[in-house]
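Biologist: I would like to go through this model and hear the grounds for each label. Please set the values against the cut-offs as we go.

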Amino acid sequence: MPIAALLDALAPLRHAAAALLALSVAACSKAGDAPAAGESAAVDLATVTLRIGEQTGIVKSGLEAAGQLEGVPYTIEWATFTAGPPLLEAINADAVDIGAVGDTPPIFAQAAGAPIRIVAVTRNRPEYKAILVPKGSSVRALRELKGKKVAVAKGSRRGSCRRRSRSRGCSTGGSTTASRPVERALGPGRQSAFRVADATKEDRMTKLRLYSAKACPFAHRTRLALEEKAIDAELIEVDLQNKPRAFVDASLYGKVPAIEHEGHRIWESAIINEYLDEAFPDPPLLPREPGRRALARIWIDHANTRLVPAFAQLLRAETPDQEAEGRKALGDVLAFLEREALSRSSGPGPYWLGADVSLVDFAFYPWFERLPAVDRLRGFSIPAELTRLRAWIDAVEARDAVRAIANPVDFYVERYAKLVKPAKATAA
Ligand SMILES: N[C@@H](CCC(=O)N[C@@H](CS)C(=O)NCC(=O)O)C(=O)O
């Protein structure tokens, strides 16, 4: 847990309480009667002692190193424990007020009816964890633990150790109360804290990875959604002429975009964007109401099945006839969008579905950012009478998320020039 977050958790808990931070519901050792929650303003903090349970000194040393113990207006008493369960027992016995423990102990403590609350949760990165083996051991990977005995404190992180080992194809053998599935131990509706801290989940809590290609309009869609939602992602630029192994593993069709997130591999831009909207709901990029949501999906499908082929037809035309057909096809699609989409679905706009930007805007926009290049190479521009369409482009183009990753026209001209045969002059 970041030190500041710990202090944030501690500060209002002058009467305290569960790396999971556990808090005794009844706790606080003020000299005299503990005030009820909400009365802390009236408490003279100089008379308050906060008793914090430690396992390895990590909380204290972290707070000290960050200088966050300086000037704390109450007294802190530190107590050291060998593992989470005894620390929680101490909380239960009102011997300490608050302490940091692993994921499993508070689950079992709560299941046993101990009056503790989990007030803050930290998410460990798997790479910060280690299993120690004796010096000279040949064991190098988790799966090599198969058949070995692994020592864990009873009621401690046994649950997550078992899960992790199982997920690597090992069995742990032996069964105790603590080895029951934690979900069952807790009962319905009381699992949320464990879900956050579940070790197998932690394995998946890695930064989102996007396989992308700068010129690809489909990947552009996903980048727009990531920008709009301010999702921190690892961007991997893929050379599509020389696809790296990791990318081919991630994208079943061998196409960008593809993402890896929390153990999931997802490809197809429209699907990825919906996934992002569900996994990172803020800000929402699809309407909530089912009818509007369906309409949004219809337009996203329209982009895939009408706009994209017409755009490619014009760009890739090899003869003047094909070019004329492509020109007409693209013109028809744009007129349809003006008439049936923007003039009907958008109300006063400015976006596709009205006042709020959505995945529909991001499904169409990349082709419009490239359209000026098609104008240069094929002499095709948006007809002047499509005023709604032009206003829509202006609105989307002006968004910070869009500007942040926009490419200049020359960039697209240079790339598309390779596709355009014969050159524009022959088609004139
Ligand atoms: N339907 C896919 C289309 C993706 C796509 O066509 N990506 C192109 C680059 S723009 C690609 O990766 N091509 C590589 C290949 O086909 O080998 C989507 O929506 O994601």
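Modeller: What follows is a set of questions on a predicted model, each answered from its values.

Biologist: What does the chain consist of in terms of helices and strands, and how much of it is buried?

Modeller: The chain has 18 helices and ten strands. Of its 428 residues, 32% count as buried.

Biologist: Why are helix 3 and helix 4 called oblique to each other?

Modeller: Helix 3 (residues 84–92) and helix 4 (residues 104–111) pack at an angle of about 45 degrees, and their axes are 9 Å apart. Angles under 35 degrees would count as roughly parallel, and 65 to 115 as roughly perpendicular. The pair is therefore oblique. The crossing of helix 3 and helix 4 is right-handed.

Biologist: Which residues make the contact between helix 3 and helix 4?

Modeller: From helix 3 come Gly84, Pro85, Leu88 and Asn92, which meet Pro105, Pro106 and Ala109 of helix 4. By class, the contact of helix 3 with helix 4 holds five nonpolar, two polar and no charged residues.

Biologist: Why is helix 4 described as largely enclosed by the rest of the structure?

Modeller: A residue is buried if 20 or more other C-beta atoms lie within 10 Å of its own. Seven of the eight residues of helix 4 are buried, so helix 4 is largely enclosed by the rest of the structure. The buried residues are Thr104, Pro105, Pro106, Ile107, Phe108, Ala109 and Gln110. Helix 4 is followed by Gly113, which has a positive phi near 85 degrees.

Biologist: What makes helix 9 roughly parallel to helix 11?

Modeller: The axes of helix 9 (residues 217–228) and helix 11 (residues 269–279) cross at roughly 10 degrees and come within 9 Å. Angles under 35 degrees count as roughly parallel, so helix 9 is roughly parallel to helix 11. In this contact, Phe218, Arg221, Thr222, Ala225 and Leu226 of helix 9 meet Ser269, Ile272, Asn273 and Leu276 of helix 11. By class, the contact of helix 9 with helix 11 has five nonpolar, three polar and one charged residues.

Biologist: Which residues are around the ligand, and how do they divide by class?

Modeller: The residues around the ligand are Ala213, Cys216, Phe218, Leu240, Gly254, Lys255, Val256, Pro257, Glu268, Ser269 and Ala270. They divide into seven nonpolar, two polar and two charged.

Biologist: Which peptide bonds are cis, and what is omega in each?

Modeller: The bond from Asp282 to Pro283 is cis, with omega near -5 degrees. Pro283 is in the loop between helix 11 and helix 12 (290–316). A cis peptide bond also joins Gly349 and Pro350, with omega about 10 degrees. Pro350 lies in the loop between helix 13 (320–342) and helix 14 (359–378).

Methods:
Residues are numbered from 1 along each chain as its sequence is written. This is a predicted model: local features need pLDDT of at least 70, side-chain atom pairs count only at pLDDT 80 or more; totals for chains, interfaces and linings use all residues. A residue is near a molecule or strand if its C-beta atom, placed from the backbone, lies within 6 Å of it. Ala, Val, Leu, Ile, Met, Phe, Trp, Tyr, Cys and Pro count as nonpolar, Asp, Glu, Lys and Arg as charged, and the others, Gly among them, as polar. Helices (H or I, at least four residues) and strands (E, at least two) are DSSP runs, numbered from the N terminus. A residue is buried if 20 or more other C-beta atoms lie within 10 Å of its own, exposed if 12 or fewer, and partly exposed in between; C-beta atoms are placed from the backbone. Axes are lines fitted to C-alpha atoms, for helices over the stretch in contact, and angles run from 0 to 180 degrees between N-to-C directions. Angles under 35 degrees count as roughly parallel, over 145 as roughly antiparallel, 65 to 115 as roughly perpendicular and the rest as oblique. A crossing is left-handed if the near helix is turned anticlockwise from the far one by less than a right angle, and right-handed if clockwise. Two residues are in contact if their C-beta atoms, placed from the backbone, lie within 7 Å.
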